Amino acid sequence: MYVGTLSFDLLLGDVRSLKEKRSVVRPIVAELQRKYAVSAAEVDHVDLHRRAVIGLALVSGDAAHVSDVLDRCERLVAARPEVELLSVRRRFHGEDD
């Protein structure tokens with residue numbers, strides 16, 4: 001069994017309220033879940049208007065599959081024009097851990 005996680009530290013564009021923030025973050029989380037069958041949620045900076053951290057996790061029996069899906073998720077978030085990707089933290093846990 002292999003487990004991969006990503007956390008994205010995001011700077012949001014012209015967002016002036018938590019309601020506007022949700023309208024930016026929720027579609028990203030939903031698209032990650034729908035396209036890649038990962039567990040995803042906003043996990044930090046929930047009270048800040050222009051910052052968000054989205055975390056996701058994936059479990060698979062194939063290490064290459066986990067790596068491929070994490071790469072695709074990272075590209076999807078990086079390509080979103082309404083957010084600036086400040087940092088990405090990737091963790092991978094395999095059979096030897």
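**View 1. Glu31 and Arg80 form a salt bridge with N and O 2.5 Å apart.** A salt bridge here is a side-chain nitrogen of Lys or Arg within 4 Å of a carboxyl oxygen of Asp or Glu. Glu31 belongs to helix α1 (residues 18–36), and Arg80 to the loop between α2 (63–78) and β4 (83–93), so the contact ties together parts that are 49 residues apart in sequence. Helices (H or I, at least four residues) and strands (E, at least two) are DSSP runs, numbered from the N terminus. Glu31 counts as buried at 15% relative accessibility. Arg80 also counts as buried, at 16%. Buried means under 20% relative accessible area, exposed over 50%, and partly exposed in between (1.4 Å probe, protein chains only). This is a predicted model: local features need pLDDT of at least 70, side-chain atom pairs count only at pLDDT 80 or more, and totals for chains, interfaces and linings use all residues. Residues are numbered from 1 along each chain as its sequence is written, and side-chain values use heavy atoms, with hydrogens and water left out.

**View 2. Glu31, Lys35, Arg80 and Glu82 are linked in a network of salt bridges.** The Glu31 and Arg80 pair of the previous view is part of this network. The whole structure holds nine salt bridges.

**View 3. Asp9 and Arg51 meet in a salt bridge.** Their closest N and O atoms are 2.8 Å apart. The pair links distant parts of the chain. Asp9 is in strand β1 (residues 2–12) and Arg51 is in strand β3 (residues 51–60), 42 residues apart. Asp9 counts as buried, with 16% relative accessibility. Arg51 counts as partly exposed, with 26%.

**View 4. A salt bridge joins the side chains of Asp71 and Arg90.** The N to O distance is 2.8 Å. Asp71 is partly exposed at 29% relative accessibility. Arg90 is partly exposed too, with a relative accessible area of 35%.

**View 5. Four strands form an open sheet in the order β2-β3-β1-β4.** The pairing is antiparallel. β2 and β4 are the edge strands, and each pairs on one side only. Neighbouring strands are turned by 20 degrees against each other on average, direction ignored. Axes are lines fitted to C-alpha atoms, for helices over the stretch in contact, and angles run from 0 to 180 degrees between N-to-C directions.

**View 6. Strands β1 and β3 pair in the antiparallel sense over ten bridges.** Two strands pair if DSSP finds at least two bridges between them. Thr5 has Ala57 in β3 as its bridge partner. Helix α1 packs on the sheet and touches β1, β2, β3 and β4. The direction of α1 makes about 10 degrees with that of β3. Helix α2 packs on the sheet as well, touching β1, β3 and β4. The direction of α2 makes about 10 degrees with that of β1. Contact means heavy atoms within 4.5 Å.

**View 7. Strand β2 (residues 39–44) pairs with β3 in the antiparallel sense.** Five bridges join the two. Asp44 stands opposite Val53 in β3. The hairpin of β2 and β3 has six residues between the strands. In this hairpin, His45 takes a positive phi near 60 degrees.
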